[in-house]
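I opened the model to look up its sheets, its domains and the place of its ligand. My entries follow in the order in which I checked things.

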Amino acid sequence: MSRKLRFGLIGLGEIAYSSTGHVLRQTANAEMIVGMDPLADIAASYAATFGIPCSTNLDDVLNHPDVDAVIISTPHNLHVPLGIQAARAGKHVIVEKPMATTLEDADALIAACKEAGVLCSSKEGSVRYQPATAKAKELIEQGAIGELMATQVSGASNKPPSYWTGGYTGRVQTTWRKSKLESGGGVLMMNYIYDFYRLRYITGQEIVRVFAEFGTYRTPVEVEDFITLTLRYANGALGTWMASSCAPGASKAGARGTKASDNRIFGTAGQIVFDNNALLVYTDNDVEGLTPGEWTQLSFPQQSDNYAYQVYFEQFAEAVFAGREPDIPCEEGRKTLEVLLAAYRSGETHEPVTLGAVDDKR
Ligand SMILES: NC(=O)c1ccc[n+]([C@@H]2O[C@H](COP(=O)([O-])OP(=O)(O)OC[C@H]3O[C@@H](n4cnc5c(N)ncnc54)[C@H](O)[C@@H]3O)[C@@H](O)[C@H]2O)c1
């Protein structure tokens, strides 16, 4: 039988319980063998559901001789200190998104993993395995939209008060999501980090200037519940962004992917619109599967987020076995984080923040 990468889980709350545990059961080349959470009842219920030993003691994971790698699913400000401890214990590290809440922390984790000779990966990059995302990247590489001119992301959700103290399922009663220090940010950091990574990945362009305005309108929390952004990409392309977690009438879990969201990529020769599990593509060019001068709808099988997570864990295990970098090393997580933190800085100072050189010829 081929080898499986053996994961230890650190943090057994909502994502570990509702997603990771089930995904790893389906993953051919990986498995979880032990878990820990400081809350005894959470550790006990995880052990009962998934049949692995779970305790409240971090050493039970980090000193476990059979653990190859850890998955850290905790409040955001703990990703880095726990990741550094895991790296120093010789374990490869996967951190849930965002990989850190500050760039200093991100750098410290990357350095610790390098020093220990272990791999480090940030999980928001799993969106690249969603079929529509992968296809959009392929179409852009085939020249379907020409040169990137602009991107638009717009989405609204309406998170109920219970979300802020218990997530979507209420598995753990906690206040970290409300705290700027512990979460690093609101709807942008928590939810739209995926879209930032997705756009960077699909377009191959870095965001080099950002101007943001944000506020907290309907939620008793320290973080933003509404944010708007204007962006510049390195090639001079533009971007707009509007995201909310407090929009009356929107769905609870987020309108990304529902009718209330409208995400588009505009190029000099075409346009791509994300429409649930479909892409609507317009092109002026000759591209296989598309008709020049017309809109084409490309549909994909309904895939849950867990599908992309499974591919993500598989590729991470393959990378460990092959002794190569994972598809999404933590350096990628850092680049995405840098843009998010620049947005918050801009919103606080009411000034644009520049991260790199812009082709301003346009
Ligand atoms: N819930 C989701 O749908 C979802 C989806 C994608 C990603 N994520 C990410 O997963 C991570 C965890 O989110 P969640 O929703 O599961 O939160 P959660 O609050 O439900 O669970 C976090 C768990 O971490 C534990 N914890 C706290 N301090 C710890 C420590 N020092 N060591 C080990 N464990 C500790 C808590 O006791 C809790 O059980 C976050 O990065 C979040 O952004 C969550």
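I began with terms: two strands pair if DSSP finds at least two bridges between them. Helices (H or I, at least four residues) and strands (E, at least two) are DSSP runs, numbered from the N terminus. I noted that residues are numbered from 1 along each chain as its sequence is written. The model is predicted, with local features needing pLDDT of at least 70 and side-chain atom pairs counting only at pLDDT 80 or more, while totals for chains, interfaces and linings use all residues.

**Entry 1: the whole chain.** I found 12 helices and 15 strands in the chain. The C-alpha atoms fill a box of roughly 60 × 50 × 40 Å along the principal axes. I compared the radius of gyration (over C-alpha atoms; the globule rule is 2.2 Å times the number of residues to the power 0.38). For 362 residues a compact globule would have a value near 21 Å, and the chain, with 20 Å, agrees.

**Entry 2: the nine-stranded sheet.** I looked up E7 (residues 148–156) and E10 (residues 238–244): they run parallel and are joined by seven bridges. Ser-154 has Met-242 in E10 as its bridge partner. The open sheet has the order E14-E13-E12-E11-E7-E10-E9-E8-E15, with mixed pairing. E14 (294–299) and E15 (353–354) are at the edges with a single partner strand each, so one side of each has no neighbour in the sheet.

For packing I took contact as C-beta atoms, placed from the backbone, within 7 Å. Axes are lines fitted to C-alpha atoms, for helices over the stretch in contact, and angles run from 0 to 180 degrees between N-to-C directions. H6 packs on this sheet, touching E12 (270–275), E13 (278–283) and E14, and makes about 15° with the direction of E13. H12 (residues 330–349) lies across E8 (207–215), E9 (226–233) and E15, at about 50° to E8.

I also checked H6 (residues 131–141) against H10 (residues 193–203): their axes come within 8 Å and cross at roughly 30°. Thr-133, Ala-136, Lys-137 and Ile-140 in H6 meet Arg-198, Tyr-201, Ile-202 and Thr-203 in H10.

**Entry 3: the six-stranded sheet.** This open sheet has the order E3-E2-E1-E4-E5-E6 and parallel pairing. I found E3 (54–55) and E6 (120–122) at its edges, each with a single partner strand, so one side of each is left without a neighbour in the sheet. E1 (residues 5–10) pairs with E4 (residues 69–72) in the parallel sense over four bridges, and Leu-9 stands opposite Ile-71 in E4. H1 packs on the sheet, where it touches E1, E2 (30–36) and E4, and its direction makes about 145° with that of E2.

Entry 4: The bounds I used come from an automatic or database domain assignment. Domain 1 is 5–126 + 308–328 and domain 2 is 128–303 + 337–354. Their C-alpha centres lie 26 Å apart. The contact takes 22 residues from domain 1 and 21 residues from domain 2.

Where does the ligand lie? Both domains give residues to the shell around the ligand, so it lies between them. I counted a residue as near if its C-beta atom, placed from the backbone, lies within 6 Å. The ligand is surrounded by 24 residues, the closest being Gly-11, Gly-13, Glu-14, Ile-15 and Glu-96. H1 gives the largest share of the shell, three residues.

Note on methods. Two residues are in contact if their C-beta atoms, placed from the backbone, lie within 7 Å.
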